[in-house]
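Please look over the sequence and the model shown below before reading on. The paragraphs that follow move from the whole chain to its sheet, and then to one helix.

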Amino acid sequence: MVAVRVQGLAVVAQDVAPVVLLREESGSRRWLAITIGAPEAQELAAAQEHVVSARPGTVELIIDVLGALGQRVVRVEITQLRDSVFHADLVLADGLRVSARPSDAIAIGLRTEAPLEVAEAVLEEAAVDVTVAAGDELPREPDGEPDEEQIRRFRDLLDEMSPEDFRDPGTE
């Protein structure tokens, strides 16, 4: 398994579903784009921004139920890509694995601050190498958040990509 982090969400075109962008934390720093639905993108954005709603949503409910059962999520794994569909597992404290959609698993992982990992085979099949002209590491603010220039360059990079760049690897 390879450690990754959520780099953000992107909508390439209006008629194309949003994607969650994952990036390998070390090594070759490959990118993985997973197509998700609009409601899932909203949930991921809220989790990434640590937005707390007045009433718990499904992700918070799952976390609360696990807690009530004496469990906690210790890791999220994107385990395979089968028939152009990504699969994920929530790995619980006692080693129990629970299958989940990647979008849900990632949102739960963000809310619980659990590490996110992707199987090497998935990265080999579906990841892309993206080179940013300014170098691999772009400046960050002192609090560790990406600076506005980094965000602008990333958006420019997305503007240069086509929907085919985010096509499921198993489709032709």
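What percentage of the contacts in the protein chain with a separation of 6 or more is accounted for by residues 24 or more positions apart? The share is 53%, where contact means heavy atoms within 4.5 Å. This is a predicted model, in which local features need pLDDT of at least 70 and side-chain atom pairs count only at pLDDT 80 or more, whereas totals for chains, interfaces and linings use all residues. Residues are numbered from 1 along each chain as its sequence is written, and side-chain values use heavy atoms, with hydrogens and water left out.

The protein chain contains five helices and seven strands, these being DSSP runs numbered from the N terminus (helices H or I, at least four residues; strands E, at least two). Read from the N terminus, the order of elements is β-β-β-α-α-β-β-β-α-β-α-α. Of the 172 residues in the protein chain, 37% are buried, that is, under 20% relative accessible area with a 1.4 Å probe and protein chains only, against over 50% for exposed and in between for partly exposed.

The seven strands form an open sheet with mixed pairing, in the order S3-S2-S1-S7-S4-S5-S6, where two strands pair if DSSP finds at least two bridges between them. Strand S3 (31–35) and strand S6 (97–100) are the edge strands, each pairing on one side only. Within the sheet, strand S4 (residues 73–82) and strand S5 (residues 85–92) are paired in the antiparallel sense over eight bridges, and Gln-80 stands opposite His-87 in S5.

Across this sheet lies helix H3 (residues 102–112), which spans strand S1 (2–10), strand S2 (19–24), S3, S4, S5, S6 and strand S7 (116–118) and runs at about 160 degrees to S4; such angles run from 0 to 180 degrees between N-to-C directions, with axes fitted as lines to C-alpha atoms, for helices over the stretch in contact. The buried residues of H3 are Pro-102, Ser-103, Ala-105, Ile-106, Ala-107, Ile-108 and Gly-109. Among them, Ser-103 counts as buried because its relative accessibility is 7%. When neighbours within four places in sequence are left aside, Ser-103 is in contact with Ile-36, Glu-40 and Leu-44. Just after H3, Glu-113 takes a positive phi of about 60 degrees.
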